[in-house]
Amino acid sequence: MEKRKLPVLPVAAPPEGSRPHAPLGEGCFLGEEELPKAPALKEALATIKNWFRAQSLWVMAYGTGCGAIELRPLTTARFDMERFGMAMRPTPRQSNVLIVSGYLATKSLKRVIRAYEQMPSPKWIVGLGSCTINGGMYWDSYNTINRLDLYLPVDVYIAGCMPRPEALIEGFKYLMERVKKGEANGWHHYLENLDWYKANQKKLITDWNLPDYNW
Amino acid sequence: MKTIIDDIRARFSVEWEHEQRADLAQIGVAPGTVVPLLTWMKLHTPFVQLNHLSVVDWLEDGEFQLTYLLTDPHGHRSLMVCTRIPREEATMESVHELWPQAVTYEQEINEMFGIHFPGSPRQGVPFILEGWDDLPPMRRDFDTVAYMHAHHPSRPGREHVDPRVYVGKVFGERGYLHDDD
Amino acid sequence: MPLLPKILWSLVGVLGALAYGLAIGGIIRKVMARIQGRIGPPVWQPYLDLGKNLSLRTATHHGVMSFIAPIFRAGGGIGLYLLIPVVVGVPALENFSFSGDLLMAMYFMFFGSLGMALGAAEAGHPHSPIGISRGLSQMTAYELPFALAVVALVAQTGSFSIHEIVAAQQGGWLHWNLIQNPLAAVAAFLAFLGMNMYAPFNIVGAPQEIPVGPPTEFNSQFLSLLMVGRATFAVAKMVLYMDLFLGGATSLPEAFVKTFLIYFWSVFVGAVFPRFRTEQAIRFFLGWPTVAGVAGVLLVMLNR
Amino acid sequence: MSLKNTLAPFSAWMQAFSKPFTVPDEPGVRPGAPRYRGWHINDRETCIGCGTCAEICQNVAIDMVPVDEPTKGDSGLRPKVDYGRCCWCALCVDVCPSGSLAMSNEYVWVDHDGDAFRYTPGVDEKPWDGAELGWRKDEGFDIVDHERVPMGHLDPEERIHTWAEVVVGYTEEEARREAARCVECGLCVAACPAHMHIPDYIAAIRDGDDVRALNVIYDNNSMPEMCGKVCTRRCESVCSIGVNGDPLAIRWLKRYVTERFDDLKSVLDVDVERVGEGRKIAVIGGGPSGITVAYYLAIRGFEVTIHEALPQLGGATFFGIPKYRFPMPSLEKQIKLLEDAGVKIVTNHRVEGDELRRMLEENDAVFIGTGLMKPYRLGAEGEDLPGVVYALDLLRDKNIGREVEVGERVVVVGGGNVAIDAARVSRRLGAEVTIAYRRRIVDMPADDEEIEDAEAEGVEIIPQAIPLRVERTDDGRLDFVWGPAEMVPSDRGRPRPKLIEGVEHHMVVDRVIVAIGQSADHSWMPPDIAEKVADAKGWITVDHNGMTGHRGIFAGGDLVNDTADAISAIADGLRAVEGIQRFLGILPEREETEPEIPVITVR
Amino acid sequence: MTTTETLRRRVQLWFGPQHPGITGNMSVQAWLEGDTLTQGITHVGYLHRAFEKLMERRKFIQSFPIVCRICVPEPDTNEYLLAAALEELSGLDREVPEKALWIRTLVLEMSRLAAMLQVLGGHVGSMGLGVVPNWTYTLRDYVLDRFEELTGARVYHMYTVFGGVRRDLPEGFAERMETEVLAKIEAKLPVIDNAIFDSSVFRKRAIGVGVVPEEWADEMGISGPVVRAMGIPRDTRKDFPYLKYPELDFEVVTTTGSDIYARAWIRRQEIAQSVDLIRQILRRMPTEGPYCAKLPNMLTWTIPPGQTYVRAEASRGEMGYYVVTDGSDKMRRVHVRGPSYVHGVSLLERLIPGTNIADLSPLMVSLQTCPPEIER
């Protein structure tokens, strides 16, 4: 079997002017443009919406990696995340938060991308554990990605291997904070730079057989 | 343990044997002997259980070692049957008709080492990997770090200074038996 | 009461029912959390969920029918509610009760599920039709004891009017149908377990099997509409049960207490049992509840 | 569906009336366990920058980054942890040779920026700095080997009756085992005056490749066998394993390798251009620095002649070091290597008068490595009495084979290696020996091992003893009079001895051996040259090329450095090897720029 | 009925990987006829991290942090087995101190306890009862608290290494274990019994469902609670004694029925057994002495060539490590043979035909399928 020479994947910077963690500005195509014309009212409405969104984060029940084991104590009695208004939803259609619980095998990445795109906007990704930041334990594995943010926009990282449930709670509180302030706009970044994300995804997933966006 | 190896020796040619522990013996046989030996063992000895089937890549020797671990579930002892097959165009007889679970082992080995088991179902069906187009990854000549660098970029900005080299440079470590270039 | 104020009062009533339905959902979540040893969400959490779902952006398109389904669902809940008098004697809270309202109510109870069936089927996810078929099968099963119980009451009272059934139960708790016709009550309250879809009869949503059944593909505003439907539908059912078996209510507080107890009955059972398989659930309703229903009817027949 | 089975589950409702299990949502309610593995903390001062943490990290999570100025014993690098890689296994903490790295019991760190999760513990300020609790190194668990493979010694009782080598030397198995203790941090390279490639040859020994090890050793040390036996081993004093344990036996390992080969020339793989063809170099003084210059220049084609006053090359290593430490065959092997390299050796020839001037004319450069030959005087009354001798004379006479006699009882004044040598030699000559030293035993400049060995051999050491005078007794012996001293703080750092007035001790001895140091003797040089080479006090200063104030005259060894050890002399020799080539225009002049820091960026 | 018609009547359904009823990140591709599954294929690889490959390029000590990741709920079995295999091959096994053996036994039993609590909750959780999983996860968390105290980490302990363990038992550990964990578990067990084994709905769902025929046990190498639920007293702790288990007093729990109920019952009994074993261990553990043998420099350590297979009883069944060394400082090959490899693929695929769609999740839980163990 001949070993195929593979080109080194260059890490392109996201396109100019994109701000992954900035508040949404005027005129962004997926902002609140359908709302009333008056800016003050528009802003007030956005604030109210963000307030609601932050109070009721529904998490997609998808244990993508080993970090999922700490999600169980979080959902059950000892750490009870429901007291923060968070609940597990078994379907991506009704979820707002996707927890990537650690490393992602390329096979999983494909499913995660699909699940993520099916979630209704605005949606957020929490990268759980070292593996999502820079590969973690499995940095030299041929089958796990090293940086999640090349493929999906990450709103909050929680460092740890694995992070304790308390750290997860802190992470979610931080996410709520950012959602309330309207700063967690990874979903928007994803849509604005879809080409870049798609190119990265397709470079890795050679047998790409998904539609370009799974509405 | 000795008796069973003597029994095997009486019927098959055994290349080597080694008693690792009181409950674990290892024998080496030729590839052609494996399936008759395992069949005989399953039918006529208490070693009826195939615990696992594993491959060791002896890249330097150009050989794969296949290890069948048989267990006597009632006598509480195990026998490791090892055989070596050439790495090139590696093919091995399947044992899936003796043990149904061998299908999974053979499917995985086929995927991860590229050893073909003619007749075994699910050969060539991806088990663990998806869309894989490189060498079978568990082979020793597959370099996972190179693959990682090519496919999974790391977060930039890391700079490591190796103390050994750094100290040498800073303090002017030099050699005099060889010219620098 | 003139029509216009009646409509306005009814609207207020619907909103009230929605608010109450959501609140009771929150309380039940809290109670469920406590039995599980948790603190649980704030009681107002369902309001936040509803608000959140309204603030989301819809990103799916499965066809017109699937858009209409939540409307059917909400319509079924609201419609049922509007037919049932909440507090007898207070015209503002008597809604559009009329002489044959019980028949109409029995029909409306199906309405939402049927609408859901149409829409969910078009959503395309295999979990939806499986959930729908499970839901309809179970519904058919629990309708039997429930219908028998209603028949018994109708025969006993001699009227299809909820108003009259309530009126017949006035004069102390001993006059309630719960006491007057215990067999029918047993049939109806066992059927209520299935109706309210708590364990062991939560086979429609069954997250470990077909997550989450019919609403799998519905999100954001559609989901909020479904939530509205579910909340009002629950209130309507409770009010109906209260009217039929607990002698209705003469004041709002009384209505709250009685409806809560009715709702709590299903939670009381649901909190501690695993879920039935579909055919086990159906067998259950066709077993003792149906026998009790038949016996209830017979009891009335013999008493005449 | 029995009634019991229907009702029993309802008992679960009892839980609804008890306190929930949920941990309250308040900060600090559940701190990490006392040995929790949280974020790293590092003591910047204790850390020596050895990089062992980075070495053992299987996730390549630790980068060593330059933080402080590199010094001997501290690379100045500090670990920077990438929490996108860390798996909190704490192997870095358990392996940390200095014990500076630890983990706090803090565990919460969330951020929206993926690039934020890196910091240098102890340098970048973090809330958990100075955390009391967390994973710490534990005494019972070591993943580096802190115990040296013991070296065999002759029994003290036995060795005072023989001149055989005291140290037995490692067997092959012992050497491999000892070499395997190395963590290859390279701090020793900084401390070694010659900057030998220590981790490299230790790794070669560990791998069983002794030929490679020998080549690595000879790469910048032409007298390694001597070093392997008598080196002052500054390397071991900074060894990272030695911070909390026994340092690696670097010297013994070198000794092991060099002893394995008899014919060095056939083993050494010399690969240099013969750039010095046709050029002549004169080396005055056949000590370590001279030998180094001669060897490395000779393999480059230079025509080198060594002029030595004594009958044998080796300088202080020949005449100063007793043979039970450095036997003759070892030295002869080194000299043979020189001869094989084509060095001309002129022994028994003391350069005097105008000979140096003539040499300067005949040669392209002259290297002076004559060492310190003039002993310091005791400065006490009775010093010139017969029976008061200088240690160097004693050792020299013994080493070149003269008959030496010390009598029955000897006192040695001084605390350096020479003093110990003189004491141990006297012991072997059959005397009872006492060492009188001005300061405490811990202050003695001699090697600890040497002191121990001497004590084991029955040498008595009197610390804080200041010699007052020597008197002749009636029966022809000597009365050594000394006074006790107390240690008083001094402004120069280490405490200074101060004589306690009025107390006198007497000791009747046959010999008083003075070993309190030596100075240089420039009387053999023509005065005009000596003026340029040395200053008024006799000190020689050299530039970065090893060249003295006189053009074409290079110097090295004890003459120019005050460390008085062989390895520094070798380092001086190496400097002169380069310096001479630069002087002759063979090598380009060194650029005075910052050394380029080798950086591995992709990790 | 022709084949085409059969196919037309079958619905293909993917269970997972994103599915709350699946045990971990794996999936079952199933075909349905009505409510009944006619065929199922296990798909794994969503968690493939190539442990075995990575260990081939890590030094021995560096492999310890990585092996524990192979099974998330029960990492210690992996650590112990790797240590045992390498100790056997290097000859270090004779030097492991007595105390280390006791602590290792303790850690293995604690991890079994934690894992079994988790699965016991999962048994009913997969059937839609939320109360018991909440409790058992809490109880498991109490065990994790003690793990944290002992090992410094909650989930991935990285505690057992060759030569012994990494740290000593903390002061007062035994008392805290008793009051904060064992007593609480024992207090809760009767109520859990009521909610599971005395629950008519659970009995209906579990009895007679997912029956594994006894004749499969020997040839397929079925182990753990699955085989003990058939009435076969097979337990690695007894059959291939290791550590201090031969000195402990316990009987292999068996029952008959070989269905989901029987397997849940076995786990329930083994929780009690574990509690008892932990008490025995803590009572008999020596208080003095080293907890780790003197180790050589781990950065350069080499092990002579050899191969071995070691096994231990995890909560799921027999876990085995096949380790080959070649004289270098790294392993030539390590093959992890987890019980799920057989349970989760061959056995599950053989059990699926005829199973009700609602029973797939309980079935997988009762087999305790652990996907990382299959694909590693």
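Helices and strands here are DSSP runs, numbered from the N terminus. The model is predicted.

**Stop 1: chain A**

Select chain A and colour by secondary structure. Reading from the N terminus, the elements come in the order α-β-α-β-β-α-β-α-β-α-α-α. Chain A has 215 residues, and 63% of them count as buried. Among the contacts in chain A with a separation of 6 or more, 80% are between residues 24 or more positions apart.

**Stop 2: where chain A touches chain C**

How many residues does each chain bring to the contact? Chain A gives 17 residues and chain C gives 27 residues. Colour the chain A side by class: five residues are nonpolar, six are polar and six are charged.

**Stop 3: a sheet in chain E**

Move to chain E and select residues 306-313, 318-325 and 331-337, which are β6, β7 and β8. These three strands form an open sheet in the order β6-β7-β8, with antiparallel pairing. Which strands of chain E are at the edges? They are β6 and β8, each of which pairs on one side only. From one strand to the next, the twist averages 15°.

Now show β7 and β8 of chain E together. Six bridges join these antiparallel strands. To see one residue pair, pick E:Tyr321; its bridge partner in β8(E) is E:Val336.

How values were computed: Residues numbered from 1 in each chain as written. Chains lettered and ligands numbered in written order. Predicted model: local features only at pLDDT ≥ 70, side-chain atom pairs only at ≥ 80, totals over all residues. Contact = placed C-beta atoms within 7 Å. Nonpolar A, V, L, I, M, F, W, Y, C, P; charged D, E, K, R; others polar. Helix = DSSP H or I, 4+ residues; strand = E, 2+ residues; numbered from the N terminus. Buried ≥ 20, exposed ≤ 12 C-beta atoms within 10 Å, placed from the backbone. Pairing = 2+ DSSP bridges. Axes fitted to C-alpha atoms, helices over the stretch in contact; angles between N-to-C directions.
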